[in-house]
Amino acid sequence: MRRVLLVDDDPAIREIARISLERVGEWTVTSASSGLMAVELAEGEPPFDAVLLDVMMPGLDGPRTLALLRERAAVGPATPAVFFTAKLQPADRERLHRIGAAGVIAKPFDPMGLAAELDAIVDGERDGP
C-alpha cells in the first residue's frame with residue numbers, strides 16, 4: 001500500500017482528501033494541518049511515496065514546507081511532490097515546476113478522482129504541472 005503525506009490547513013479538505021485517498025485509492029494517509037506539523041510528522045517515518053501539499057497555508061506555505069522537508073531529509077528528492085491549488089495560471093504552474101513539483105491538482109478537486117490523479121502523477125503517466 002502506498003503512503004502519502006497530506007498537508008493542508010483546511011480540516012474539511014484534509015478529511016475529504018483522506019477519505020478519498022484511503023477508500024478509493026487505497027493509499028495510507030498521514031495528514032498534517034501545517035507545514036511545521038508535516039516536518040515533525042515526517043522525521044523518522046519510513047519514506048513516503050508522495051507528498052500532497054496545499055500551496056497557500058499560514059506560516060509555512062506549501063513550497064517552503066517542501067523545501068524544509070527536503071532540507072531535513074524527511075522527504076527524499078525522488079519523492080513526488082504534488083501541490084493543491086486554486087491558482088492554475090501558467091506562471092503559477094511554472095513556479096511550482098521550478099521548485100520540483102511532480103504535478104498540480106486543482107482545487108476544488110473531485111473526491112472520486114483524486115486518487116487516480118495522484119496515481120497518474122506518481123506513476124509518471126501524467127506530466128508535471
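A: **The sheet and its surroundings**

Helix H1 (residues 11-24) lies across S1, S2, S3 and S4 and runs at about 170° to S2. Axes are lines fitted to C-alpha atoms, for helices over the stretch in contact (heavy atoms within 4.5 Å), and angles run from 0 to 180 degrees between N-to-C directions. Helices (H or I, at least four residues) and strands (E, at least two) are DSSP runs numbered from the N terminus. This is a predicted model, in which local features need pLDDT of at least 70 and side-chain atom pairs count only at pLDDT 80 or more, while totals for chains, interfaces and linings use all residues. Residues are numbered from 1 along each chain as its sequence is written, and side-chain values use heavy atoms, with hydrogens and water left out.

The five strands form an open sheet in the order S2-S1-S3-S4-S5, with parallel pairing, where two strands pair if DSSP finds at least two bridges between them. Strand S2 (28-32) and strand S5 (101-106) stand at the edges with a single partner strand each, so one side of each has no neighbour in the sheet. On average, neighbouring strands of this sheet are turned by 20° against each other, direction ignored. The parallel pairing of S1 and S2 extends over five bridges, and Val7 has Ala32 in S2 as its bridge partner.

Helix H3 (residues 62-71) has buried residues (under 20% relative accessible area, with exposed over 50% and partly exposed in between, 1.4 Å probe, protein chains only), namely Gly62, Pro63, Thr65, Leu66, Leu68 and Leu69. These pack against strands S1 (3-7), S3 (50-54) and S4 (81-85), and also against helices H2 (35-42) and H4 (90-98).

Glu45 forms a salt bridge with Arg3, their closest N and O atoms being 2.7 Å apart. Because Glu45 lies in the loop between H2 and S3 and Arg3 in strand S1, this pair ties together parts 42 residues apart in sequence. Arg3 is buried, with a relative accessible area of 15%, whereas Glu45 is partly exposed at 38%.

Notes:
Salt bridge = Lys/Arg side-chain N within 4 Å of Asp/Glu carboxyl O.
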